[in-house]
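Please have a look at the structure before reading on.

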Amino acid sequence: MGILSGMTHEKIHREFGYYVLLFFITAFIGWLWEVGLFWFTNHAFVNRGVYRGPYLPIYGAGGILLCFLLRRLGKKPLWVFLLSALVCSGLEYFTGWFLEYLWGIRWWDYSGHALNLNGRICLVGTVVFGLGGTALICLLLPLYEKLYRSLSQKWRLCLCLFLLLVFIADATYCAVRPNTGPGISSGTSSAFHCLDGRMRA
């Protein structure tokens, strides 16, 4: 029974739908974090990110990457924290560089923060990513796997197709007209920068 259970567990991780739904859940959580933090610091709703939908793909990509790399370290939170901080900071730096290269626009800028690198990453963000990665791997991933198992194959397929179609349509539109404006891009403050500024005010 133990062997069969292990095989079933590994099969779950190999399913495409597993990663599709994980991508959108973590992308949505990231969106909630960014929007909520901006609301708390600026008392205004701003749809953060390049896309129009309630998701930030960088968080989704980070969630999948951490799942691939660190899920076997779920019992070692310190290692998960350190590696999450490293991996997510690298992803954020590359994504910031790529978006600037593609559109010539910055969606975040940490230039005013201590220990920042070209304004694309900073120490505060790195620590938050480490904590977020630890929460994902050590706490949320086991809950997600239980939820995933509880869904029928039909519901998994329907959810994946719906979310992917919405995302593809959004990405196609935003490839021409990305989400920009005050509090979002063009040198405006990131959520961390706004929080820092509020604390100094």
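How many disulfides does a search of the whole structure find? The count is zero, where a disulfide is a pair of cysteine sulfur atoms within 2.5 Å. This is a predicted model, in which local features need pLDDT of at least 70 and side-chain atom pairs pLDDT 80 or more, while totals for chains, interfaces and linings use all residues. Residues are numbered from 1 along each chain, and side-chain values use heavy atoms, without hydrogens or water.

Next comes the largest pocket, with about 850 Å³ of space. A pocket here is an open set of points on a 1 Å grid where a 1.4 Å probe fits, with protein on both sides within 12 Å along at least five of seven lines; lining residues have an atom within 4 Å of a point. Its lining has 42 residues, and G30, L56, I58, Y59 and F129 lie nearest the centre. Eight lining residues come from α4, the element that gives the most; helices are DSSP runs of H or I with at least four residues. By class, the lining holds 29 nonpolar, 10 polar and three charged residues.

H43, in the loop between α2 and α3, has a positive phi near 55° without being a glycine. L115, in the loop between α4 and α5, also has a positive phi, about 55°, and is not a glycine. Most residues other than glycine have a negative phi.

The table uses buried for under 20% relative accessible area, exposed for over 50%, and partly exposed in between (1.4 Å probe, protein chains only).

| Residue | Relative accessible area and class |
|---|---|
| H43 | 60%, exposed |
| L115 | 67%, exposed |
| C67 | 0%, buried |
| C138 | 21%, partly exposed |

Key
Points joined across faces, edges and corners; volume = space filled by probe spheres on them. Helix = DSSP H or I, 4+ residues; strand = E, 2+ residues; numbered from the N terminus. Nonpolar A, V, L, I, M, F, W, Y, C, P; charged D, E, K, R; others polar.
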